[in-house]
Amino acid sequence: MLPNLEVAEKVNSKLKARGCNLLSDGRPIINLSVIKLLELLFTINENIIIIPAHIWTPWFGMLGAKSGFDSLRECCGMYADNILAIETGLSSNPEMNWQIAELNSKSIVSFSDAHSLEKLGRELTVFSRINNEKIEIKNTEFNYQDLKMLLQNKGNWRIEKTVEFYPQEGKYHVDGHRSCGIKRMPEEITKLGRACPMCGKMLTPGVLGRVQQLADTLVKLQKTQNRNGVLEYTTKGDYKRPYQMLVPLTTILSQLYQMGDKSKKVTGTYVKLIKQLGNELEILSEVNLTDIAKAGGEKLSLAIAKVRSGNIFVDPGFDGQFGKVKIWPTQTDIKKNTVSQNIQETLF
Ligand SMILES: [Zn+2]
Ligand SMILES: [Zn+2]
């Protein structure tokens, strides 16, 4: 993130001068080491904010199993101190990141890719004034410097909370081979090893196992339900902010009607609910359940209550395949997946 357009122009021209093709893709491959890139950027302007994104994905995440780095320091060298925050990506939540001591002095944020409109905001970060005034988004009130300050745990603003996916929904939560249909939980890896029983090649590592591999801090997770019934997770300490885990409304509707999330029934109901009740985030986490029942039926309000309280099941994603949310899991779903997450505790 750059403080202004002038800096952006400088960055672009410096990168072009190094032979980087910035027009190839939304995520250009610039062929510079992370340290070289950070050196280039911070020499241009020390106010640039760098947030490594989806840091656990196997190939392109900073701490991904195949990234070649086992720590932020290893990846960024002396510039590690200039990294103010990390982004969790879909396959990890703050709790998983809190287990890494090195990340304990960094803010944790959640964002979503901008490439598909309907997925915008699937994960997000809420900022608020410390004195808890309702945020009004006016440029004059919240500026770049405020953002930079709050990421350093300073100033008049802070991260109120992040809103996350269930990390099991992410494409790389556990180890597996998509084409072979093989998925293994970390416990199974310990017992059976990393080789795929179908093709013999190594399974694509998942984020859960990778976090366990690097974890060096025990996290005491606190769970409380807010006044709307949404479960909030937090732990004590600087830079530790609460988070919630939600499920996209189209996923809930698709479970409810047993139809695809792009089907007419699901998209039609989605639009109707948004028009009647408010935006998706409000429906998922704030709107009164009675109003939801009136607009979308009793079963929808029950489903949303289950999502809010964490009383759902997620068949974890692996090797590029998204995990599948089961609001009403069958016994077989539960048996074939020994997900060692708190979700299980609240199931029955
Ligand atoms: Zn991304
Ligand atoms: Zn295989």
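**View 1. Helix α12, from end to end.** Helix α12 spans residues 298-309, and its 12 residues reach 17 Å from the first C-alpha to the last, close to the 16 Å expected at 1.5 Å a residue. That expected span is 1.5 Å times one less than the number of residues. Helices here are DSSP runs of H or I with at least four residues, strands are runs of E with at least two, and both are numbered from the N terminus. After α12 comes G310, with a positive phi near 75 degrees. Please keep in mind that this is a predicted model, where local features need pLDDT of at least 70.

View 2. The buried residues (under 20% relative accessible area, 1.4 Å probe, protein chains only) of α12 are L300, S301, A303, I304, K306, V307 and R308.

**View 3. The cavity.** The structure holds 1 cavity of 30 Å³ or more, and the largest cavity has a volume of about 110 Å³. A cavity is a set of points on a 1 Å grid where a 1.4 Å probe fits but cannot get out, and lining residues have an atom within 4 Å of a point.

**View 4. The cavity lining.** Among the residues lining the largest cavity are P94, W98, N153, Y239 and R241. α4 (94-98), β2 (107-109) and β4 (157-164) each supply at least two lining residues, with the largest share, 3 residues, from β4. Residues are numbered from 1 along each chain as its sequence is written.

Note on methods: Chains are lettered from A and ligands numbered from 1 in the order in which they are written. This is a predicted model: local features need pLDDT of at least 70, side-chain atom pairs count only at pLDDT 80 or more; totals for chains, interfaces and linings use all residues. Side-chain values use heavy atoms; hydrogens and water are left out. Buried means under 20% relative accessible area, exposed over 50%, partly exposed in between (1.4 Å probe, protein chains only). On a 1 Å grid over the protein atoms alone, a cavity is a set of points where a 1.4 Å probe fits but cannot get out, and a pocket is an open set with protein on both sides within 12 Å along at least five of seven lines; lining residues have an atom within 4 Å of a point. Grid points are joined across faces, edges and corners, and a volume is the space filled by probe spheres set on the points.
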